[in-house]
Amino acid sequence: MKFSIDFKGITALFASAHDSGRNFLYEYEVYTLLKHSGAETPPGCNLIERGARASDDVLNSIPGQKAVLKIVSPTIIHKTEVGGVRIVEKESGRIRSAVRRMLYEVPENYAAWIEKSEKNRESSPPEYRDLTGEALVAAISRDLKGVLQVQFMPPDSSAFGNELIVGLRRTREFGTVISAGLGGTDTELYAHRFRKGQAIVAGSTQMNDGHSFFQIFRKTISYLKLAGLTRGQRRIVTDEQLIECFDSFIALANFYSPVSPDAPFVIEELEINPFAFTDYLMVPLDGMCRFSLPSHKKKSRPVHKIDRLLHPETIGIIGVSSTRRNFGRIILDNILAAGFDPGKVIVIGNEVTPGINSTPDLESLPCKLDLFIVAVGAAYVPDIVEQVIDLDAAQSVMLIPGGMGETEESKERARQVVEKISLGHSTRIKNTENNTSAANSSSPANSSSLANSSSPASNISPAGSTGSASAPDSGGPVFLGANCMGVISGPGMYDTWFIPEEKLPKERTSRFHRAALISQSGAFMLHRTHQFPQLRPAYMISMGNQTDLTLGDMVGYFKDSDKVDVIAIYAEGFNDLDGLDLCKGIHQAVLSGKEVIFYKAGRTPEGKAATSGHTASLAGDYMVCENCVRQAGAIVARNFTEFQELFFLAENLSRKKIRGNRLAAVSGAGFEAVGMADSIHSDDFIMELARFEDKTRNRIRKILEAKKLDLFVTLANPLDINPAADDETHAQITAALAEDINVDAIVLSLDPLSPAMKTLDDRELPGYDMYAKESILNRIINLVAISDTPVVTVVDGGRLYDPLRDALMDNGIPVFTVCDRAIAAISLYVQGRLAADAIRGGHGI
């Protein structure tokens, strides 16, 4: 879209308001801002200041036969509810009469509303909360600036859905977001009553332009009504107008953005509610705007050192006991059990561990560590952090202990740690003299003396020979945690989880998948992988409190990794603007061909009461998060079970081809066939039942005839093939469907209780032996190995059939215990894959 924005004029508006002690614009100033923005022309207006007498010429200068009068106050946001909006005949006497009435009645009405309930009082401006009676009315009256006379522009239609809200809101995690949807006084009601994504949609302004946001908006009820696509409705606005409006708002947001280094001001909120439509003009009928001065920019950090964290050549650990199995001892045991070279591990402390290098303190290290693990009490952490930074002792540090900001009592300790880490990142290591033992310990004497003190055959190399920096490094180490379980790195061959092997046996020799699981909660990661052991990502990373390294940092690392095709993320919260960094990382990962699975905990919208407009309460925190992450290209899970199922699908189906959303479903049980058909639509996905090719139908017909099942089976989709269908029938029909160009995915129920199926882990029952060469297990494994079409299976039976489920999953074949879960999971996965393909095709959102 071609339009010009007068940023100089808008900045002058903000500067004028700021100079007068305000962080907001009055409504008439918002109209001036819109005029400068290059979008639709706002209505004409006059400010009738309190105590002033406007001339007849001024009152009659605005076109139209009627006039709209609106109270102007910095504290009254929702004016209609207190009589602050009136429509009168455009005659001088009537206008003056209405203005005088409003200046008296509105303060009384607003005071009565505040005193009506404690809830109202708590949501009122702080300066009014302790006032009552005449004192409250007087305070409200003093704050009135006057009355705004606005041109009356009758809308083309007063029908439901013919008003539009468009808003910007600065969020702490995602920067500025744009939202749009059903407008008017009932906009919040619409947002709550309609299905997700139908009344209001939101997106990151950094990751959208007007056209891409319009593609999101056109799925809403609001667009259907405005475009005349519902019964009895006619179009009242063009697509080009909407795109231009969104483009203008996004351009404003990104110029006055918290991430823009040159922004003179930052827009906190800008909302037009509603836009009405008159003769194909978008007319703003109300507007509000809050702004602020830009804050300090985020300091850069040496995130390239994440590679050292995940693939260390040397590991140091402090907090290992030689007399009891404390967390430090368990971590050391797990590091060694994962295959890490014991000769390249150093225990820091006075207690000697047989067969492991040790040193009494950090100053005695023979080399700069790639990874330093801190497994001591929280009270010791600030001093250790400071010492590691001062000595330049490590490239990366893992902070295991809790007590680092989770409670009020520990927040001061966490603040100290953050301050020390931030200082380390912002200054170059200067104290080279104090680093002689850590950074300049390349003399054989230094390294050999330590090695010989506790290990007869140390593999610890002098500083500089392991690939670590041989001179003092800038930026200090990166820190993972605190309050984290650390990392399991298959490629790095180490495991820092503090769960004993007896409590959590691990298949150390199993091949891991080309996947990474990044979790803010270590316990979430622990329980998901324990319940679903077939999840075997190459990396499992517990982020903890994100004292330094963040979710966005880790996704930013893996987006470029040649060791990972799938990234799974569990998030509870984000550091400032890290949600935006995460989305940018997800987007780049998707563009490079990776798949991303995402789950966000803590879905209760926060901060609604703090907003002065509708935008934040409509586009709540979880909605913003979900929309931004989904638009970046991630597949969003709705619950824990779905997360692990989608992750497993991605691990095993990422190389399968998905051309569309046409599903084929096969079962030997009638209830499953009906259940599958009932499950293909939801608020989050829409699948189609595939229409089989004629040659596929003929092929299936012949299979059924050969098995004498043709009299019992109707050729349909879902296909109910009868409980008498044996292993071969299931496999042959699945093979036929996999070759059908109209089928994009297959859900196959294996009917484990059928007497015709070999589904038992019992070689002494050859008729039921699932390991038999001709069993469905072996047949489906062979079929999936050669087919490009994704196949998921259902084994709906009790614990007796767990061996069959395990054997299928061990061979990379997804299994579900009930058919509706299978449909939901494959549908979400297919929809996510198609959305990611669309992003790649368009090279952006």
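**Close-up views of selected strands and backbone features**

**View A. Strand β20 (residues 513-519) pairs with β21 in the parallel sense over five bridges.** The model shown here and in the views below is predicted. Within this pair, Leu-517 stands opposite Met-540 in β21. The chain crosses from β20 to β21 through helix α16 (residues 522-531), and this β-α-β crossover is right-handed. β21 also pairs with β18, here in the antiparallel sense and over three bridges. In that pairing, Val-487 stands opposite Ile-541 in β21. Six of the six residues of β21 are buried, so the strand is largely enclosed by the rest of the structure.

**View B. Gln-546 lies in the loop between β21 (537-542) and α17 (551-558).** Phi of Gln-546 is positive, at about 55°, although the residue is not a glycine. Most residues other than glycine have a negative phi. Gln-546 has a relative accessible area of 3% and is therefore buried, the cut-off for that class being under 20%.

**View C. Asp-279 occupies the loop between β9 and β10 (281-284).** Asp-279, likewise a residue other than glycine, has a positive phi near 50°. Its relative accessible area is 59%, so Asp-279 is exposed; the cut-off for that class is over 50%. Gln-546, by contrast, is buried.

**View D. A cis peptide bond joins Asn-273 and Pro-274.** Omega of this bond is about 5°. Pro-274 is placed in strand β9 (residues 266-278), and the loop between β9 and β10 holds Asp-279 of View C.

**View E. Gly-481 and Ala-482 are joined by a cis peptide bond.** Omega is about 0° here, while most peptide bonds are trans. Ala-482 is located in the loop between β17 and β18 (487-489).

**View F. Six strands form an open sheet with parallel pairing.** Their order is β14-β13-β12-β15-β16-β17. Ile-318 stands opposite Val-374 in β15. Strands of a sheet pair through backbone hydrogen bonds.

**View G. Strand β28 (residues 745-749) is mostly covered, with five of its five residues buried.** Ala-745, Val-747 and Ser-749 point one way from β28, and Ile-746 and Leu-748 point the other way. All of these residues are buried. β28 pairs in the parallel sense with strand β25 (residues 662-667) over four bridges. In that pairing, Ile-746 in β28 is the bridge partner of Ala-664. Strand β29 (residues 791-794) likewise pairs with β28 in the parallel sense over four bridges, and Val-792 in β29 is the bridge partner of Val-747. From β28 the chain crosses through helix α25 (residues 776-786) to β29, forming a right-handed β-α-β crossover.

Conventions
Residues numbered from 1 in each chain as written. Predicted model: local features only at pLDDT ≥ 70, side-chain atom pairs only at ≥ 80, totals over all residues. Heavy atoms only, no water. Pairing = 2+ DSSP bridges. Helix = DSSP H or I, 4+ residues; strand = E, 2+ residues; numbered from the N terminus. Buried < 20%, exposed > 50% of the residue type's maximum accessible area, 1.4 Å probe, protein only. Right-handed = clockwise from strand over helix to strand, strands pointing away.
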